[in-house]
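Hi,

Here is the structure I promised to pass on to you. Have a look at it first, and then read my notes below.

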Amino acid sequence: MATILSNAATAGARAAEAPRPRRGKRRMSGWHFVLAPVSLLFAIPFVQMFLASVSPAAELIAYPPPLVPSRIDFGGFIALFTTTDVVRWLANSVIVSLSAIVSHLVLCSLAGYGFARLKFRGRTTGIFLIIATIMIPTQLLMIPTYILFSRWGLVDGLGAAIVPWLASAFGIFLMRQFFLSLPPELEEAGRIDGGNRWQIFWHVILPLAKPALATLAIFTLLSSWNDLVWPLIAINNDEAFTVQLGLANFQSTRRTQWELLMAGNVVATLPLILFFLFAQKQFVATMTLTGMKG
Amino acid sequence: MSTMTVRGRGGRADRPAASGRRRSRVARWREDLGGWLFVAPAAVIVLGLSIFPAGWAFLLSLQEWDGFSEPEFVGGDNYAELITDADFFSAVQHTGLYTAMFVPMSLFAGLFLAVALNRRIRFIGLYRTAIFVPFVASAAATGILSTYLFSPQFGLVNNVLRTIGLPAQGWLEDESQAMFVIALMSLWGQAAFTTVLYLAALQDVPGELLEAARLDGANRWQTFWRVVWPQLAPVTVFTAIWQTIGSIQLFDLVYTTTRGGPLDATKTIVYYLWEQAFRRLEFGYGSAVAYALFGLTLLITIGVVVYSRRRGTEAF
């Protein structure tokens with residue numbers, strides 16, 4: 001698996017940059033007739049989401065529904081921000097994702113480096129156990145983790161959402177694969193200059209790991225921001241809701257207020273869409289490397 | 001992965017070897033400690049939140065427990081009950097139906113989109129963005145969108161059907177169509193993933209092979225099916241396993257669209273597990289369901305790996 005993943009990663013990065021429209025090539029390709037309608041189909045749900053979020057409430061449940069709203073109406077957004085705790089949920093999601101990312105970057109790169117490059121007793125067993133846990137479905141862990149967290153008093157607080165995201169087997173594995181690919185001469189040079197393990201790690205190795213760290217950060221952002229099952233189980237107190245959990249709850253309680261639901265959808269999804277557009281190439285590399293979104 | 005015997009020998013040993021046995025023992029101990037300082041924080045979290053709960057889940061699966069009263073040891077009773085549980089089997093069937101729809105669709109869509117996107121034409125960046133952006137949408141957002149688009153009364157999909165003169169459908173409110181809608185919207189959200197894997201694999205197909213096929217007079221179809229497609233076999237096997245494992249764990253999108261309905265038609269294994277454990281507080285029985293899911297995952301993985309090894313297409 002290791003090889004196909006790392007092959008896919010490099011190839012994915014290449015795929016992201018390779019097919020650029022060649023300058024001066026004006027011949028109409030037949031593939032436009034395939035790609036244009038398909039792209040439109042993929043875009044339609046999002047277009048509907050944005051249109052619906054700025055539509056007057058009555059037009060969303062009118063029959064037949066108008067294709068384009070007769071006027072722009074921010075009622076949905078106003079209702080969202082005045083009648084719900086969405087700001088707090090967003091803040092909670094930001095806290096959960098930020099701590100997940102920071103903790104992942106620090107702990108997984110340390111562990112990945114240790115398992116890749118340092119020699120110590122128990123290393124082989126350690127990395128074997130960690131890779132083996134990737135095969136355990138998270139659903140198997142839900143019940144005992146819930147019981148454990150409720151004993152620790154974490155349930156119903158933000159801590160419950162944060163703790164499982166502090167580090168992951170996948171993150172350790174990813175960083176280890178990256179560090180294994182670096183030439184050992186780098187560390188030798190650092191050692192000759194009199195650096196110890198920490199100094200070499202911080203000053204020599206980590207600056208080289210930026211692409212791998214970016215991949216890990218995106219992976220962690222996507223999976224922690226969009227997580228629904230675990231918050232659903234562990235958090236019943238709406239002050240500690242994440243934005244996804246808040247949205248999912250709207251679904252049952254506010255089903256008639258489509259303009260509000262769609263405004264919530266926009267607010268919860270837009271940060272990641274903007275981020276995607278900004279870091280598209282890195283996203284594609286991350287996608288190739290990870291099988292997230294089960 | 002190098003073995004432990006490498007330590008202390010060879011060119012990369014960071015201490016002189018001939019510095020006395022006691023000092024080297026101390027040095028070795030320090031080296032062990034140094035290594036563990038690097039890996040321990042992450043390792044403790046990952047192993048503590050997986051190996052330990054996984055073992056505990058097995059113990060729970062042998063008990064009857066609601067979380068409050070004394071747990072009662074019942075041995076294999078939960079598993080015995082599971083085998084005869086009609087609700088569990090219909091959940092397995094619903095999950096199987098989804099998997100049977102989603103996995104082939106996502107492989108086909110990924111291959112098709114990758115081939116289409118793998119060219120140097122105008123607007124290719126725009127096309128790629130349109131197809132890739134849904135990947136960042138969460139299950140909650142996708143669920144709400146699905147419910148709106150496929151609403152029998154005011155949804156866009158039925159409106160299009162009416163416009164072209166086809167009868168409106170019940171979609172998520174129709175028990176024979178709900179799972180199809182869920183599979184379709186999963187595909188919307190995840191097509192980017194299989195596309196990117198196939199795109200990467202396509203770019204790895206050696207150019208000489210294509211050149212050779214062209215010289216032998218093969219047309220585009222022949223080149224694709226005889227030359228390119230066999231080269232994609234490992235990625236196809238890998239993606240198929242990955243998507244199958246993901247599919248049998250379907251929960252989020254069901255929760256945010258139908259909550260298992262209508263008439264339990266979209267109740268999947270994980271939905272059933274969640275309901276048993278966190279609605280009915282049957283922690284023991286829920287754990288048995290979880291282990292059944294784990295077993296199913298392992299069987300599928302092993303089965304596909306063995307099959308593909310025999311056929312000589314190794315993905316792992």
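How far apart are the end C-alpha atoms over residues 161–179 of chain A, and what percentage of the chain there is helix? The ends are 30 Å apart, with 68% helix and 0% strand. Helices here are DSSP runs of H or I with at least four residues, and strands are runs of E with at least two, numbered from the N terminus.

Before going on: this is a predicted model, where local features need pLDDT of at least 70 and side-chain atom pairs count only at pLDDT 80 or more, while totals for chains, interfaces and linings use all residues. Residues are numbered from 1 along each chain as its sequence is written, chains are lettered from A and ligands numbered from 1 in the order in which they are written, and side-chain values use heavy atoms, leaving out hydrogens and water.

Residues 89–115 of chain A are 100% helix and 0% strand, with end C-alpha atoms 37 Å apart.

Now for the two chains together. In chain A, 117 residues are in contact (heavy atoms within 4.5 Å) with 111 residues of chain B. Between them the chains bury about 10,700 Å² (accessible area, 1.4 Å probe, lost on being put together and summed over both), and 72% of that is on carbon and sulfur atoms. A:Phe42, A:Lys119 and A:Arg121 supply 7% of the area that chain A buries against chain B, more than any other three residues.

A:Arg121 also forms a salt bridge (Lys or Arg side-chain nitrogen within 4 Å of an Asp or Glu carboxyl oxygen) with B:Asp32; their closest N and O atoms are 2.4 Å apart.

Enjoy exploring!

Technical notes:
Buried area = accessible area lost by both parts, 1.4 Å probe.
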